[in-house]
Amino acid sequence: MKKETLIIRIDPATMEEQLKRPAEMLAAGKTVAFPTETVYGLGANALSESAVCAIYVAKGRPSDNPLIVHIARLGMLDELAEEIRPYAKVLMEAFWPGPITFVVRKKAHVSDLVTGGLETVGVRMPSHPVALKLIDLSGVPVAAPSANLSGKPSPTDVKYVLQDMSGRVDCIVDGGDCEVGLESTVLDVTGDVPVILRPGKITREMIMECVGACEVDPALDYKTQHDLVPKSPGMKYRHYAPDAKVSVYLGDRMTVIKKFYNIILETIESGKSIGVMIFEEDALVLDKLLDGAPVYRRLSDRVHIMKEGSAKELDTLARNLFKDLRKLDELSVDVVLVHGVSENALGHAIMNRLEKASEGRVFKI
Ligand code: TXA
Ligand code: MG
């Protein structure tokens, strides 16, 4: 059944006033999509089973996939979690509010509908001022997956929230673009050592520096053959995948650029169109090569080059990744080429999402 969706465009000067209505809606069991610093979330009162059900319906999401519960103050954690390990408290102190979710042992009253039947619950205190204020005003913990239809890339721009969720949720709060662009780091802190279940902006290096140790769920490693099942149920789905066939290439800069050049010419000659996600400095070189090719000069409208900032800072690539995959889908390209990055720091999260978007088509050349 189609819902009437209230759309609220936030003006920072009147934010608090504007958020009263959506906060009341959350408290009353309605669904509200809202911006966070990572991606847009699709929120509902985590303590109401019927409200949580409405999230699954709106997303068309499998119900064994647990939801992250968002809080606005540390005090709200006590309602949800059993005792927290000392090192986990240190990490919360260091990184909250911010783009990291802690998986902790849940209190008995936290519904299986939120946790997907697990004994743990994922909790996050977002740093986006709209998210923090909205949760605070609602007075309830807010369960929120990313605000995309299941199987689509997470929305980092309200345009895609409107596209996926209009008529499916009660309210959409427009707070502009998301700064980080990739979903939060999911960190299991139930054991002696923290374990990354989903890489994100808060990196393994940052966690190690803070508490001296950090492991990564071995099931996340796509480079070795294994039958391990990821500990974070959401990681096993074909998430983040656009309609186009995505391939990721890793290697020496000029080798990758030349490879892209060859694939571009082959693709457009065969009547197809192509999108390329590449660093600015490499785009300049690629442009020069293409300009010398008569085929390209004739068929350049079949080529869409997305510049992803400099290779020296990966923040821009992270921020644009999902948005540009969506844009290329809108342009109905058949093929997408992406210049991969090495898997340290933020590169770990970027390659994790790219591996999924490409369904494993990651080539080292
Ligand atoms: O940045 C984010 O985390 C965004 C914003 C809205 O906060 N939310 C988000 O939610 O990405 P979602 O539902 O799309 O992804 C949640 C991920 C899934 O991979 C899920 O399996 C994992 O977190 N997760 C949640 N609770 C868990 C738990 N108790 N144990 C293991 N993994 C859990
Ligand atoms: Mg998601």
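This is a predicted model: local features need pLDDT of at least 70, side-chain atom pairs count only at pLDDT 80 or more; totals for chains, interfaces and linings use all residues.
Residues are numbered from 1 along each chain as its sequence is written, and chains are lettered from A and ligands numbered from 1 in the order in which they are written. Local features need pLDDT of at least 70, side-chain atom pairs count only at pLDDT 80 or more, totals for chains, interfaces and linings use all residues, and side-chain values use heavy atoms, leaving out hydrogens and water.

Reader: Which strands are the edge strands of the open sheet?

Author: The open sheet has five strands in the order β14-β13-β15-β12-β16, with parallel pairing. Strands are DSSP runs of E, at least two residues, and helices are runs of H or I, at least four, numbered from the N terminus; two strands pair if DSSP finds at least two bridges between them. An edge strand pairs on one side only, as do β14 (303-307) and β16 (362-364).

Reader: What angle does the direction of helix α8 make with that of β13?

Author: Helix α8 (residues 253-269) packs on the sheet and touches β12, β13, β14 and β15, where contact means heavy atoms within 4.5 Å. Axes are lines fitted to C-alpha atoms, for helices over the stretch in contact, and angles run from 0 to 180 degrees between N-to-C directions. For α8 and β13 the angle is about 165 degrees.

Reader: Are α1 and α5 roughly parallel or oblique to each other?

Author: Their axes come within 8 Å and cross at roughly 55 degrees. Angles under 35 degrees count as roughly parallel, over 145 as roughly antiparallel, 65 to 115 as roughly perpendicular and the rest as oblique. Helices α1 and α5 are therefore oblique.
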